[in-house]
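Thank you for sending this entry for comment. My remarks follow as numbered points, to be read beside the sequence and the coordinates.

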Amino acid sequence: MKNIQKIQVTTGVYWIEIADVNLSVLCGCPADSVKYLTKRGFISAKEVNGTIFETGPNAILFSDLLVQNGSFSNLAEFPILQMLYKQGLIIPGHPNNNGVKPLLIGSQAQIESQSQYIFRGNYGLVSEVEMLKAGITQAEAKELLRMKLYFSFGQIKPTYELVDSIVLEDRAVEIKDGVFLKRIELNVFEFRYKDETVLINLNLQPGERYGVPYPLGYHLINREYFGVIHTGDGDGWNENYPCSSSIIIYQGKIYLIDTGPNLIHSLQALGISINEIEGIFHTHTHDDHFADLPTIMQADHRIKYFTTPLVRESVIKKLSALISMDEDRFNEFFNVQDLKPDVWNNIDGLEVLPLLSPHPVETTVFYFRTFWNDGYHSYAHLIDVVDLDKLKNMVTDDVNKYGVNQNFFDKVAKDYLKYADIKKIDIGGGMIHGKADNFRNDPSGKILLSHMSNEPSQEERNIGSGSPFGSVDVLIPSYQNYIRRQAHQFITTYFPSAPTYQINMLLNNPIKTFNPKTIIIKHGQNHNNIYLLITGNIELIQENAKLPITLSAGAIIGEFSGLQGNPSPYTFRTVNFVQALELSCGYYKQFIEQFELTEDVKVLREARQFLQETWLMGEAISYPVQNQIVQSIVSRFYDSGTVFSGETASIFVIKSGKLQRFIGKDIFETLSKGDFFGEDGVLFKIPSLFKVEVIEQAEIYQISGKLLLDIPVVRWKLFEIFEKRMGMVLDSNLSSLPIFYWRKEYSVNVEIFDNHHNQLFEKANLLHEALNINKEKDVIKEVLDFLIEYTEYHFEEEESLMTKHKYPQFQAHKKKHNKLIEKVSEYHSKMDLGDIKMGFEFLDFLKEWILDHILFEDRKYTKFFNGIGIY
């Protein structure tokens, strides 16, 4: 009999069980991992001494990669909550509470980010200071904190008090009672117990996606004047349904309410592209309402983000922890539009009333309304709410006790029971969710039950209706054709100089609807029509390509072969329901020739086709946005030997030829067709550490960095490649010099700080050598002590000069210093003089510090100090 049981749960997720030592490891934890485990029977009900609780994992192995193929690989909030509460590992007196905490295993970076993300997911804002930053009064902050402490049983605990963690290195590490785990290569791990080994590969293959544990089907959605699409009525545990959420359609535009797990799959099932989303209304940060927010960041435009300042602050802190992003970068990806609580906010005619709802984290429920012939028509989204009977038990006017005051209770009860034509309510029950009976006498026109962990009871069904995925409630029907209006906008981006009457000529053609998985144009066959995709998604399948390209709204299908009268080089196949403007090839060709647009269309098409094949500006960007990029391109040829260096405000994309990125004599990367450079200057206005030399004559597209930074998915990818390339600097396989060798390219061009950095590099190199040759422990201690003390001295010197000369980014820089000092102090307090492992961990920290601070943050102040004569 095998000692180690390995089972694939779903794509990219595995179950490892070693019964001898009571170890069950969830390997990989993307969105809805708990639902997958329940579906497969790894989580089930168990009864011991009359107490019913769940089985499940007691450890999580994180992916080395936070994001794979656009989806997040590590979202541990709900798996940890399942262990702590549903398994009973944290509940006092519970038969399953044996004092052993859940175990997190992974890289230092992933454990730190997941721990902070879980912390913020549990508590949101954790102090009056953080709440005051959101603009509320001190009295309000005190009351909110008093309520929050009631939900958290009087204590806000850091994650390390709830779970244990093991940092996984390249060496084998014992994780429990003779079970060893080792990283073999990136995202590939080896479990060993006794004489048995098992490999776990958490890498997704190109084009592979994490699946969905529940069926969604396909739905054809009309763009209404004012309506609600229901996109889930389950909670974070119900394995049969997507999490409770909705989509508001207003004047044909798409607004999401929350961004729960598998949102992209939900949108695809509804025939909606991420690039069609106008805005998001966000209720709170729990993962069943938050998990796909980072994915929405990867749109081709800054989506409008609507919520109250309290919820915004809470969301930003959790998101920043999850993706290790500075909090002030949130606005780079979203068009933030704060809503004033307790008043109607007008958003282009759609009025929104945000109201605070009691919950462990900052939470807002929404009422929506808009005026029509017979008055206001309204929809209320009351997710998440609290059971009013339980809230009543929290009432106390003793400010020294945890709970809420009577006035707070009265307001919440009144807010919940306001009239709406349609009201969706949370009936999840338990300590922190609502119940249907609270709304038995609600005067609203229609009650919808949602946020359910089980099927509603007969009594609940007597109170409210259902809202299954893909169902729609129309509040005001549309007497306009929003689909044709969208087609008009797309055509205008193709022919910006064409007069209105020409655009109208193209629009006066039929709009066709295609079923999911339908071939519209087939490879190798002639076709009579060209199609402008208005809604839905289409796969472009190339015969010899490994993966299809997914096209979204705004794409023109079959343009090149249709104009030439040639067989199509591609197959175009619908992914979901698709609506497209059908143009006969002959008519389209006549239109192009009649208005002398042939050359414009050819140039646009060729450049766009090239961009589609690049990683930076491929399928995630819609055709209209690609057209804007193409129209800004400046193309130049460069001879061999040309060198690019310093700071630039443009991104350079290689159309043909070869280039090399190098520092000194070390070549770190060879660039060819589709690759790019220039991200350092575009993102951070700092010179690149690398020089780039043309080694084979090249045609290079120069594109405005400012334009590209307005495209969130491109900004995201620029940052991703920036971090990857910075990581190459300390890769011993690429550098001919020791990892901690000071290069002149690292200079911040301020002599005193360069000298400090040089000394830190020298000592770090000594530590590296001492650890590798197992030098005497007192030598290691001496070097470590110096590094810790000198770090604080260096930071004080930097801050002193910054303060003296009023460096504009001082506060942000000091904040980073404080975080580093906190980390250094943590190592110092934990340091066991006999533990060599601690030295290796500190060395890894130094690598991160050098990359993120010395070679990045410190180089930001060069221009400022040099500008006032300090060198």
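**Notes on side-chain packing**

1. Tyr-255, Phe-281, Phe-306, Phe-366, Phe-368 and Tyr-379 together make up one aromatic cluster. Please bear in mind throughout that this is a predicted model, and that the values discussed here are computed from it. Over the structure, the number of aromatic pairs comes to 46.

2. One of these pairs is formed by Tyr-225 and Tyr-250, whose ring centres are 5.7 Å apart and whose planes stand at 70 degrees, an edge-to-face arrangement. The pair links distant parts of the chain, since Tyr-225 lies in the loop between β14 (196–201) and β15 (226–232) while Tyr-250 belongs to strand β16 (residues 245–250), a separation of 25 residues. Both Tyr-225 and Tyr-250 are buried.

3. Within the cluster named in the opening point, Tyr-255 and Phe-281 deserve a separate remark. Their ring centres are 5.8 Å apart and their planes meet at 40 degrees, so this pair is classed as tilted, the angle falling between the limits of 30 degrees for stacked and 60 for edge-to-face. This pair, too, links distant parts of the chain, with Tyr-255 in strand β17 (residues 253–257) and Phe-281 in strand β18 (residues 277–281), 26 residues apart. Tyr-255 counts as buried because its relative accessible area is 1%, and Phe-281 is likewise buried, with a value of 0%.

4. Which residue lies over the face of Trp-237? It is Lys-86, placed 4.8 Å from the ring centre. An arrangement of this kind also involves Arg-725, which lies over the face of Phe-676 at 5.3 Å from the ring centre.

5. Arg-223 is placed in the loop between β14 and β15, and it counts as buried because its relative accessibility is 7%. Its side chain has a polar atom 3.4 Å from the backbone oxygen of Ile-221, and a polar contact of 2.6 Å joins it to the side chain of Glu-276. Leaving aside residues up to four places away in sequence, the residues that Arg-223 touches include Ile-249, Gly-252, Ile-254, Gly-271 and Ile-272, as well as Ser-478, Tyr-482, Ile-483 and Thr-535.

6. In helix α16 (residues 500–507), the buried residues are Gln-502, Ile-503, Leu-506 and Leu-507. Because these residues cover an arc of only 145 degrees around the axis, they lie on the same side of α16. The face turned away from that buried side carries the exposed residues Thr-500 and Tyr-501. Among the elements that cover the buried residues of α16 are α15 (482–494), β35 (578–584) and α18 (585–594).

7. Cys-29 is accordingly in no disulfide either, its nearest cysteine sulfur being that of Cys-27 at 10.0 Å. Cys-27 counts as buried because its relative accessibility is 0%, and Cys-29 counts as buried at 0% as well. The count of disulfides for the model comes to zero.

How values were computed. Residues are numbered from 1 along each chain as its sequence is written. This is a predicted model: local features need pLDDT of at least 70, side-chain atom pairs count only at pLDDT 80 or more; totals for chains, interfaces and linings use all residues. Side-chain values use heavy atoms; hydrogens and water are left out. A disulfide is a pair of cysteine sulfur atoms within 2.5 Å. Buried means under 20% relative accessible area, exposed over 50%, partly exposed in between (1.4 Å probe, protein chains only). Helices (H or I, at least four residues) and strands (E, at least two) are DSSP runs, numbered from the N terminus. The arc is that of the directions from the helix axis to the C-beta atoms. Contact means heavy atoms within 4.5 Å. Rings of Phe, Tyr and Trp (its six-membered ring) pair if their centres lie within 6.5 Å; planes under 30 degrees apart count as stacked, over 60 as edge-to-face and the rest as tilted. A charge sits over a ring if NZ of Lys or CZ of Arg is within 6 Å of the ring centre and within 35 degrees of the ring normal. A polar contact is a pair of N or O atoms within 3.5 Å; within protein, one must be able to donate a hydrogen and the other to accept it, and residues adjacent in sequence count only if both atoms are side-chain atoms.
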